[in-house]
Amino acid sequence: MASILIINDDPVQLHLLASWLERDYFVVSRFLCSEDAWRWLQEGNVPDAIVLDLHMPGISGWRFCELLHSFFGATQAMPPVLAVSATYAGINAQDILKDLGATAFLALPTDSHQFRQQVRQLVESPPTPQRPHIWMVSAHNAAIQRIHHIFVERGWHVVDWQAGKPAQMAVDLVHPDIILIDDPLPDMTSQEFGIWCKGTFPQTMCIVLGEESMTRRSLPSATHVDAYLPKACDPLNIISLCEKGRWERALSRVEHLLDIRTDDLRESEAQFKELFETLPDVLVIYDHRGIITHVNSLGAQQLGYPPSVLMGKPFSLIKSDPSGLETSSTMSDPVREGLRWEETVLRQKNGRNLPVEMMERMVQFQGQRQTFFIARDLTARKHMEQENMALEDQLRQVQKMEAIGRLASGVAHDMNNTLTAIMAHASLFKMRYKANTPLWTTGDVIEKAVRRGKELTSQLLGYARQGKHHHVTVDTHEVIQEVMNLLGRTIPKRITFRADLSALRPHVVGDPNQLYQILMNLGVNACDAMGERGELLVQTSNETVTPEYAARVPGLCAGDYVLIRVTDTGMGMSLETQRHIFEPFFTTKEHGQGTGMGLAMVYGIVKNHRGYIGVSSSLGCGTTMRVYLPDAPCANIKTNTVHTAEPSHGTGHILVVDDEKDVGEAAQAILEFLGYQVTVVLNGKEAVDLCQDMTIPVDVVLLDLLMPEMAGAECFEELRVIRPDLKVILCTGYDRNHAVQDLFNQGVVGFIQKPYNVDELARVCQVAMKSDNQVEPCGMGRRP
């Protein structure tokens, strides 16, 4: 069983390397001190291989190689030496080690497989020791032969040259360790050849054999050779000089490497110190007693101390619960466990807590194991997290409002379909009986109830953003003045109204009716919040929302706006109330005093105008509602005039397309009462199939917008292909929105909103029959 000698002053490395070899059943002798290892060898112990660290106190690895060469060279073969180092690396270190007698070199850190394989190879197949090379350049063969034989006996590889020029032509051979020049040479001077040697082989030692008088005269000033010896000197002296020079040259290169490494370490230390001091984190090193031995300047400033004050103080001054990694059984090992960050707080000089995330690990500092503590200020991140949480809460609120809006839209649409059948038959009921008779009154009561239901669905559609009826330029100042005049006549006298209309560009593009509803609802709510007395202030201004500000307010886009503020001096609202005020049917009023649809409708209308509404309020401090509406550069206000048409009878064939059977039958009943021929189909495909039969005359199509299988828009496109001149009236439970407007742009001639009565359906059909122009949609005029 092979034995291995390991010498390493680092106990961790020594234990690790030894345990690796013991897995392969090597007998390992380990030493932390190189002097103890040397005495162990002198006692007669001979290992099969030696693993030697280079950088050690006392006898260094370099010196240990020299001692090994001297100790074993004369008596027995020297064991193979594997030199290891975490300090030195590269080709220079390997070359020097070979000069000193080491067999192989391995840079640390390394892995178990590579290290064990290298040692096994040295033990099982030790390499042949490398023979030093010497060139002998001499024209006097007989005189040099004795020296030649002595070098060969000592194990040197000798190459003989008869002159200088042949040697100069053989630079592709192995570089010599020694060049011995027998002066004079036949083809050049020894000085010329020596200069060439130093230029070609700078690490090679050059020795000149010459006359004794010349050696004394030339040695002090010679730069091309390392030594002059007289030709009559003892050959053993020449060999001794060569071996000594080889060792000295190797050790000189070691010293040069040490100087380079020392300079690198100084530079690295300076860089580390600069980095340590300038890092914006809190960096603290404390010993096993919990005493701070070092702290960086910026870290101390964050805690409110000068660095000198913290030095020597207990670590508990800034953190009450040091982890004590030095004695902890769960000591953090970055190799085994990785580094973990934990959140904690540090105590500042002013007594405040600084939130940080921290990490600790053991380090070697000032010759002992100490704890390195790193802490990163979390104040800005905590603040950002709070802002993000607020934004996420706002975003969730917006998403909830969007979901409720879609639900409200669907409910309103289905309710309008149901009300259409009721309204149509109630209207026909009234037509068939004289006014004020019991049966007529019954129909009138039903019709009024349906109209109240229609108002509710209109509010739902307004909340769901389904009702931007007109695209006209509106002066917000005029609408504000009109609303305030009306409120002034209907609100108790002890509430004062004040307007500060400062917007230089007060115009927006939208529906004047709906803008009126926005301001009326906000004004009424403000007056209700103030009770019998208070002040209502309405302000306008032009605001430019930057992308940076818009990013912090979900739902608000960057751009130029008319900002309308409605401020009251009422009781204010809690944060919980503010989260729900725009939800349908949410109200803080007593039962019977409010439907909870006012602000929901306002929210929907504002969103449909691509605006934003926000609220600022606190209990006891009043409320300010902020409405952002995109401004319009044009100052000309366009208004639409609504024409009313008396119910009248007509003739012609009307195709009713509606997926609700009750709605289709209600429309058929009204139209047939008015004198029209009516065909009812329940989907768009049936309508397209019917119109493809050119033998069936169709004058007008009353087309539902939302249907399964084939929607109204798709059906309209198919009908236009089949009969380009066909007149189409859209009929839907929604208000006239963007989708309706797009179909008007494509050629739709009329629009009627469900539910409708006899008068409304009669007017839109009569105008469609008689005119090629688009019919003004029924019930879409200015507010009364």
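Biologist: Where is proline 755 found?

Modeller: The model is predicted. The peptide bond from lysine 754 to proline 755 is cis, with omega near -10°. Strand S27 covers 750-753 and helix H24 covers 758-770, and proline 755 is found in the loop between strand S27 and helix H24.

Biologist: Which residue does a cis peptide bond join to aspartate 183?

Modeller: Most peptide bonds are trans. At aspartate 183 the bond is cis, with omega about 0°.

Biologist: Is arginine 610 buried or exposed?

Modeller: Arginine 610 has a positive phi of about 60° although it is not a glycine. Its place is in the loop between helix H19 (598-608) and strand S21 (612-617). Exposed residues have over 50% relative accessible area. Because its relative accessible area is 57%, arginine 610 is exposed.

Biologist: What is the phi of glutamate 709?

Modeller: Most residues other than glycine have a negative phi. Glutamate 709 is found in the loop between strand S25 (700-704) and helix H22 (712-722), and is exposed, with a relative accessible area of 62%. Although glutamate 709 is not a glycine, its phi is positive, at about 65°.

Biologist: How many disulfides does the count come to?

Modeller: A disulfide requires a pair of cysteine sulfur atoms within 2.5 Å. By this rule the count comes to 0 disulfides.

Biologist: Which cysteine sulfur is nearest to that of cysteine 197?

Modeller: Cysteine 197 is in no disulfide. This cysteine is buried, with a relative accessible area of 0%. The nearest cysteine sulfur is 4.4 Å away and is that of cysteine 206.

Biologist: Is cysteine 527 buried or exposed?

Modeller: A residue counts as buried under 20% relative accessible area. Because the value for cysteine 527 is 3%, cysteine 527 is buried.

Biologist: Which residues gather in a patch of negative charge on the surface?

Modeller: One of them, aspartate 662, lies in helix H20 (residues 661-674). Aspartate 662 counts as exposed, because its relative accessibility is 51%. The residues that gather in this patch of negative charge are Asp414, Glu660, Asp662 and Glu665.

Notes
Residues numbered from 1 in each chain as written. Predicted model: local features only at pLDDT ≥ 70, side-chain atom pairs only at ≥ 80, totals over all residues. Heavy atoms only, no water. Patch = residues over 30% accessible without salt bridge, like charges linked within 9 Å, V, L, I, M, F, W, Y side chains within 5 Å. Areas by Shrake-Rupley, 256 points an atom, 1.4 Å probe, with all protein chains shown as cover. Salt bridge = Lys/Arg side-chain N within 4 Å of Asp/Glu carboxyl O. Lys, Arg positive; Asp, Glu negative; His and termini not counted. Charge placed at Lys NZ, Arg CZ, Asp CG, Glu CD. Helix = DSSP H or I, 4+ residues; strand = E, 2+ residues; numbered from the N terminus. Buried < 20%, exposed > 50% of the residue type's maximum accessible area, 1.4 Å probe, protein only.
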